[in-house]
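Subject: Handover of a structure and summary of findings

Dear colleague,

Please find the structure below, handed over for your work.

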Amino acid sequence: MDIKKNPLSMHINVDSFLPASDEDKAYMVKMRPSSTFFKDGVKRLLKNKVAVVSFFIIVIITLSSIILPFFWPYGYEQQLGNKFPYPVDNSYSNLKPFEYGETEKARMEAGEKVFPHIFGTDAQGRDYFIRVVYGTRISLAVGFFASIIVLIIGMLIGSISGYFGGVIDLVLMRIVDVIYSLPDMLMVILLAAVLNVTLGDAIDKSFLKGIGGNIISLFIVFALLYWVSMARLVRGQILSLREQEYVLASKAAGAKGGWIIRKHLIPNCVSVIFISTALQIPSAIFTESYLSFLGLGVNAPMPSLGSLANDALNGIQSYFYRLLIPAVVVSLIVLSLNLFGDGLRDAFDPKLND
Amino acid sequence: MSTKTLAYILKRIGLALLTVWVVITITFFVMHAVPGGPFLREKAVSETAQAALEAKYGLDKPLIVQYGTYLKDIITKFDFGPSIKHRGQTVTGMIRDGLKTSVSIGLIAAFSALFIGVPLGAVAAINRNKIVDRIIMVFTTLFVSLPSFIMGSLFLYLFSQQLKWLPANGDKWTGYIMPIITLALYPLSYITRLTRSSMLDVFGQDYIRTAKAKGVSKGNIIFGHAMKNSLIPVITYFGPMLAYIVTGSLVVEKIFGIPGIGSKFVTSITDRDYTLIMGTTIVLAMLIVIMNLIGDLLYKVVDPRISFD
């Protein structure tokens with residue numbers, strides 16, 4: 001603009017009030033991409049070395065338990081000394097690591113390559129390495145699915161109870177109180193023992209046959225008993241969230257209960273729920289291995305880390321490594337899941353970051 | 001005692017009684033849902049003998065009547081009926097025998113966890129991020145993550161089979177050392193971590209700063225000001241700890257061959273001794289419920305900031 005200004009005038013300099021050019025604007029903007037809650041959390045998580053290492057351990061163990069059985073030459077229930085047309089070959093039982101059975105030795109002398117028994121074989125001549133791999137797979141699967149079951153039931157009941165309140169809340173929470181005060185492990189043992197006897201036949205006839213009666217009863221037990229703390233957590237979250245103004249606004253705009261639960265309440269407590277689910281997995285694995293150790297876990301030919309340890313207890317003097325291997329694996333899984341869960345909590349729980 | 005306190009205590013006792021009743025009911029009906037009833041026909045028993053057996057144990061009556069008698073016998077006489085597999089022994093008698101051993105092992109484990117864990121946690125908190133603290137935290141993290149059955153088996157192998165320091169089973173008093181250590185390690189580590197974190201929490205409080213500003217000595221701050229308040233979370237852990245010890249004893253007694261109530265429970269399940277399963281479940285559950293009750297009440301009594309509602 002070309003307005004002439006008297007140098008002695010007290011008037012303000014109009015030039016300073018011109019609209020900013022794009023260059024000026026670009027200079028003012030701090031060049032930092034906007035960050036979301038999730039991105040921030042991941043950033044914090046990656047800074048936590050312990051959590052990252054634990055995460056990699058979990059991934060490696062999980063992937064190898066899934067992939068290895070596909071190209072391992074031995075099956076988990078295959079008794080190597082017991083091939084159908086030939087007589088039973090006892091030289092395959094109780095092999096030490098990297099030892100071979102008689103026929104395998106003969107084959108090796110003939111120049112054939114034989115896949116080694118890295119951890120030896122067990123008393124029935126089954127390759128121990130693949131049994132440990134399968135045991136890990138089953139323990140992980142039980143832990144994962146049990147946590148999912150707990151999550152679904154707990155979230156459903158917790159959100160209903162928290163959102164509707166009143167009589168529904170009162171009744172549900174009294175049920176939760178009673179189940180919560182039940183001695184869980186005793187009930188788990190009792191139910192696992194009885195359900196397997198009661199449901200075993202029915203399951204064997206149904207499509208669930210492949211999974212095995214004991215694992216199904218384990219899931220039922222988890223579904224019956226462990227949803228309560230999840231339900232309490234969700235309820236507590238929802239009780240505090242539903243007093244927020246945006247819920248009121250949503251209601252005023254005519255939103256229905258289910259919509260508010262799905263769109264407002266659950267997304268806002270999702271990180272807390274996710275973390276507690278992650279921490280539920282190691283405790284489920286713990287419970288499964290405990291039950292299997294007592295002989296109440298998975299069905300016989302199928303191994304789990306607990307039942308492998310239990311089997312090894314009898315031969316502890318001569319075959320100590322058979323106890324040590326599943327023990328190390330189960331401890332590693334539980335430890336790294338716990339550490340990773342702690343890392344998740346530190347990274348994603350906004351209440352801890354003030 | 002205010003009426004509010006009394007009301008809380010009564011409510012809490014009511015919940016405990018309700019829980020015990022629920023446990024008895026679940027146990028009873030779950031056990032009777034087993035196909036074929038408690039007498040699995042391993043040997044072919046003639047029909048008259050079967051009927052006689054059922055009449056003897058009252059199994060010919062309707063289920064609800066059996067439930068009534070079972071409940072009445074427990075409440076009035078603490079009688080759980082006869083054992084099915086062990087002729088001539090009552091469940092109550094077998095439980096009483098087992099309980100003596102288990103309770104003494106459990107109590108020693110609990111007290112050692114408490115009296116070692118709390119000072120250890122305090123030491124860790126005072127030396128925060130120094131080498132002592134690091135060592136304590138590494139070991140407690142390890143022991144918290146190791147399942148008790150693994151710890152027990154490792155001890156058994158190491159100390160009795162390799163080093164031959166301690167006997168593998170609990171006939172002499174030395175045989176009880178390993179089971180007690182196995183049982184105590186988890187709660188000990190947990191208490192250590194709990195004490196550490198709650199003590200660090202208390203160290204950050206205003207009244208500690210005030211005390212420091214007034215020139216109170218370090219020892220006086222730790223023992224006079226910080227210790228008492230940081231013990232409150234430990235007290236809340238009382239109930240869960242004893243519950244852990246009860247369930248942990250199942251595995252530990254199995255590994256070390258201790259004739260306690262835990263190994264009775266485990267063998268009763270494999271033996272399918274149904275009355276013994278019911279009896280041991282109910283007694284163990286009662287123990288846990290009572291411990292939780294005491295822990296809860298203690299917690300409310302110790303911390304005046306907690307409201308009774």
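Helices here are DSSP runs of H or I with at least four residues, numbered from the N terminus. In these terms, R134(B) is placed in helix 5 of chain B, which covers residues 131–145. Please note that this is a predicted model.

Confidence

The model has an ipTM of 0.76 and a pTM of 0.77. For chain B the average pLDDT is 81, and 90% of its residues score at least 70. Within chain B, helix 2 (residues 47–56) has the lowest confidence, with a mean of 71, while helix 7 (residues 177–203) has the highest, at 89. Where pLDDT is low, the predicted coordinates should not be read in detail.

The two chains

Chain A contains 13 helices and zero strands. Of its 354 residues, 37% are buried. Among contacts in chain A with a separation of 6 or more, 68% are between residues 24 or more positions apart.

Chain B likewise has 13 helices and zero strands. It consists of 309 residues, of which 36% count as buried. For contacts in chain B between residues at least 6 apart in sequence, the share that joins residues at least 24 apart is 72%.

The interface

On the side of chain B, 35 residues are in contact with 31 residues of chain A. The elements of chain B that give two or more residues to this side are helix 1 (3–32), helix 6 (148–162), helix 11 (238–256), helix 12 (261–271) and helix 13 (274–302). Helix 1 of chain B provides the largest share, with eight residues. By class, the side of chain B that touches chain A comprises 25 nonpolar residues, nine polar and one charged.

One helix pair that spans the two chains was examined in detail. Helix 13 of chain A packs against helix 6 of chain B at an angle of about 145 degrees, and their axes are 10 Å apart. The crossing of helix 13 of chain A with helix 6 of chain B is left-handed. From helix 13 of chain A, the residues F320(A), L323(A), A327(A), V330(A) and S331(A) meet I150(B), S153(B), L154(B) and Y157(B) of helix 6 of chain B. This contact has seven nonpolar residues, two polar and no charged ones.

Helix packing within chain A

Helix 13 of chain A (residues 320–348) also packs within its own chain: its axis and that of helix 2 of chain A (residues 37–47) come within 8 Å and cross at roughly 135 degrees. Helix 2 of chain A is therefore oblique to helix 13 of chain A. Their crossing is right-handed. Helix 2 of chain A contributes G41(A), R44(A) and L45(A) to the contact, and helix 13 of chain A contributes G343(A), L344(A), A347(A) and F348(A). By class, these are four nonpolar, two polar and one charged residues.

Helix packing within chain B

In chain B, the axes of helix 4 and helix 5 come within 7 Å and cross at roughly 135 degrees. Helix 4 of chain B is therefore oblique to helix 5 of chain B. This crossing is left-handed. Here L120(B), V123(B) and A124(B) of helix 4 of chain B meet V132(B), D133(B), I136(B) and M137(B) of helix 5 of chain B. The contact of these two helices divides into six nonpolar residues, no polar and one charged.

Two individual residues of chain B

R134(B), in helix 5 of chain B, is partly exposed, because 13 other C-beta atoms lie within 10 Å.

F78(B) lies in the loop between helix 3 (63–77) and helix 4 (91–126) of chain B. Is F78(B) buried or exposed? F78(B) is exposed, because there are 12 other C-beta atoms within 10 Å, and a residue with 12 or fewer counts as exposed. Although F78(B) and V283(B) are 205 residues apart along the chain, their C-alpha atoms are separated by 9.9 Å.

Yours sincerely

How values were computed. Residues numbered from 1 in each chain as written. Chains lettered and ligands numbered in written order. Predicted model: local features only at pLDDT ≥ 70, side-chain atom pairs only at ≥ 80, totals over all residues. Buried ≥ 20, exposed ≤ 12 C-beta atoms within 10 Å, placed from the backbone. Contact = placed C-beta atoms within 7 Å. Nonpolar A, V, L, I, M, F, W, Y, C, P; charged D, E, K, R; others polar. pLDDT = per-residue confidence, 0-100. Axes fitted to C-alpha atoms, helices over the stretch in contact; angles between N-to-C directions. Parallel < 35°, antiparallel > 145°, perpendicular 65-115°, else oblique. Left-handed = near helix turned anticlockwise from the far one by under 90°.
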